[in-house]
Amino acid sequence: MNMRLLWLGLLAVVLIVAPFFTYPVTLMTILCFVIFACSFNLLLGYTGLLCFGHAMFFGGAAYITGHILKTTHVSLELALLGGVGAASLLGLLVGWISLRRSGIQFAMITFAIAQFIYFIMLQMPFTGGEDGMQGIPRTKLFGIIDASTSFEYYYVVLAIAALSVALFYRIVHSPFGEILRAIRDNEPRVESLGFKPEHYKLLAFVLSAGLAGLAGGLKATVYQFATLADVSFPISSEVILMTLLGGLGTLTGPMVGAGLIILLNDYLSSFGEWALITQGIILLIVIIFFRRGLVGELNALRRKMRTKASPKAPASAEFASRSPGA
Amino acid sequence: MTSTSDDLADYALTARGLTKQFGGFAAVNNVDLSIRRGSIHALIGPNGAGKTTCFNLLTKTLAPTRGTIIFEGRNITNLRAADVARLGLVRSFQISATFAHLTALENVRVALQSQYGKSFQFWRSLDAVAPLNRRAEELLERVGLANARHLAASDLSYGKKRALEIATTLALEPQVMLLDEPTAGMGHEDIEPITDLIREAAQGRTILIVEHNLSVVSTLCDRITVLQHGELLTEGTYREVSSNPDVISAYMGGVDEL
């Protein structure tokens with residue numbers, strides 16, 4: 001437990017001093033995708049639902065947050081909340097439709113609706129179509145905190161990301177989260193114990209959509225523009241890649257995956273198409289050799305060493321649901 | 001088994017004219033079944049007799065094509081599995097139905113949560129359900145899993161998984177427990193503890209069990225219903241049923257067909 005606090009403290013220090021050494025916009029992008037990866041992990045890792053169109057919540061909220069800021073100039077947190085609210089509502093609707101099916105059919109329904117949302121965003125006049133929504137103003141937070149430079153704004157984004165991760169942690173480790181994990185492991189059994197699984201899955205879907213909306217809205221305020229790329233399929237697939245790379249069903253894996261993918265994209269961006277090819281190769285390597293993902297493999301290694309040290313120590317679950325430290 | 005209204009009061013679970021058709025094939029055909037309150041009742045029959053289908057109909061996992069199911073005087077034919085579970089009719093599964101990545105304690109606590117009313121609280125920590133831990137530990141102790149409470153269900157042996165499943169089912173304090181082949185795939189050394197556990201769990205409740213192992217049925221069950229080709233063959237005590245020539249030929253016939 002103390003070890004964990006130590007690591008958290010160390011991480012906090014690194015995050016606080018990071019913008020002195022690295023380009024803050026890259027860091028903020030990572031933080032946005034950390035939130036996005038958490039929202040996706042809540043569904044795939046902790047409920048067992050593969051959403052194939054998560055970009056609709058991310059990009060949809062980016063437009064809504066941007067539109068609110070451009071037209072009303074309300075303080076920043078209200079615009080972000082507007083994006084979260086819109087994404088949650090969309091999540092309620094999409095979940096209500098798609099959760100009637102499960103597995104691959106569920107994935108395909110979410111994919112189809114996401115394509116539909118993409119088309120709507122392309123056609124709607126307020127999004128700017130192919131040109132995207134430009135010049136989104138970054139208003140003051142709570143009407144008082146001015147964070148107009150990227151350096152200052154990094155700390156706002158960091159605070160929001162920390163709160164989001166804390167919320168994600170809380171959801172996973174709540175009475176509700178316990179039922180979600182049970183549904184992931186064996187849905188018919190949950191039903192036989194007197195629960196209606198679809199209600200739990202719908203709430204998880206809405207929470208996930210809201211969190212994804214926060215990530216998208218935040219990204220729109222970081223770059224001060226929102227584009228069709230934010231609602232497009234590559235965003236939906238990238239978050240799947242982040243989750244698999246970091247470790248499906250681990251608490252921290254998808255966040256680590258988000259950081260790696262963004263850094264990699266950043267690094268490879270000068271190579272154009274090669275970025276995509278490299279991503280593909282990495283995915284293949286992970287699927288073939290590191291099925292548990294980076295964090296998953298690390299957890300497994302740690303467990304192995306611990307059991308070696310004390311043969312009587314119990315091996316814990318493969319899903320790191322109880323050992324969120326890693 | 002003619003049923004007058006007096007009779008009905010003695011039965012926890014009754015089915016009348018239960019039929020399930022898959023396409024043109026009737027897996028269960030016009031079966032009448034009455035489970036006396038407080039008894040351990042077995043449903044047996046050769047392979048393909050429709051036991052599991054019949055079981056799935058009674059537990060609402062499948063919807064019947066025709067027929068009615070009455071549980072404690074209430075028509076449950078059109079209710080869902082989750083609804084009948086809340087009424088006190090809870091099933092187990094043939095394939096061990098634990099939550100693999102949850103600990104033994106969490107497995108039982110999930111079941112306890114179903115009547116605790118906090119299962120939608122995503123903003124509370126697990127402290128909110130900590131009051132359930134004591135009851136969960138009692139249940140684990142009762143099935144001999146006190147030392148395994150922090151082990152993931154996937155790390156338990158096969159026999160212990162079944163015991164955990166029974167603890168989870170008992171957590172709902174069901175009036176009627178429906179057990180689907182509780183000793184399937186078990187070695188000798190595991191069967192006895194499980195049958196003891198079932199006998200103990202039967203105190204004050206009714207149990208319907210689908211079982212292949214006839215020696216388990218003979219020692220455990222008060223009453224036995226035999227199905228063949230989806231239809232009711234006979235019903236009675238083990239002694240009656242086992243000496244019934246139709247039953248003998250049904251089982252022998254089953255072997256011949258193989």
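Predicted model: local features only at pLDDT ≥ 70, side-chain atom pairs only at ≥ 80, totals over all residues.
Now the overall build. Chain B carries 10 helices and 10 strands. The C-alpha trace spans about 60 × 40 × 35 Å along the principal axes. Look at the contacts in chain B with a separation of 6 or more: 66% of them link residues 24 or more positions apart.

On to the core. In soluble globular proteins, nonpolar side chains tend to be buried together. Here the largest nonpolar core has 167 residues. Which of them touch the most other members? Ile35(A), Phe36(A) and Ala167(B). Helix H2 of chain A, residues 24-44, gives the most to this core, with 15 residues. From chain B, domain 1 (5-98 + 156-257) and domain 2 (99-154) each supply at least three residues.

Stay with Phe36(A) for a moment. Set aside neighbours within four places in sequence. Phe36(A) is then in contact with Phe58(A), Ala212(A), Ala215(A), Val239(A) and Ala258(A).

Last, the strands of chain B. S1(B), residues 11-22, and S2(B), residues 25-36, pair antiparallel over eight bridges. Tyr11(B) has Arg36(B) as its bridge partner in S2(B). The two strands form a hairpin, with two residues between them. Gly23(B) sits in that turn, with a positive phi of about 65 degrees.

S1(B) has another partner, S4(B), residues 66-71. That pairing is also antiparallel, with five bridges. Thr19(B) stands opposite Arg66(B) there.

Notes:
Residues numbered from 1 in each chain as written. Chains lettered and ligands numbered in written order. Helix = DSSP H or I, 4+ residues; strand = E, 2+ residues; numbered from the N terminus. Contact = placed C-beta atoms within 7 Å. Core = buried A, V, L, I, M, F, W, Y, C linked by C-beta atoms within 7 Å. Buried ≥ 20, exposed ≤ 12 C-beta atoms within 10 Å, placed from the backbone. Domains from an automatic or database assignment. Pairing = 2+ DSSP bridges.
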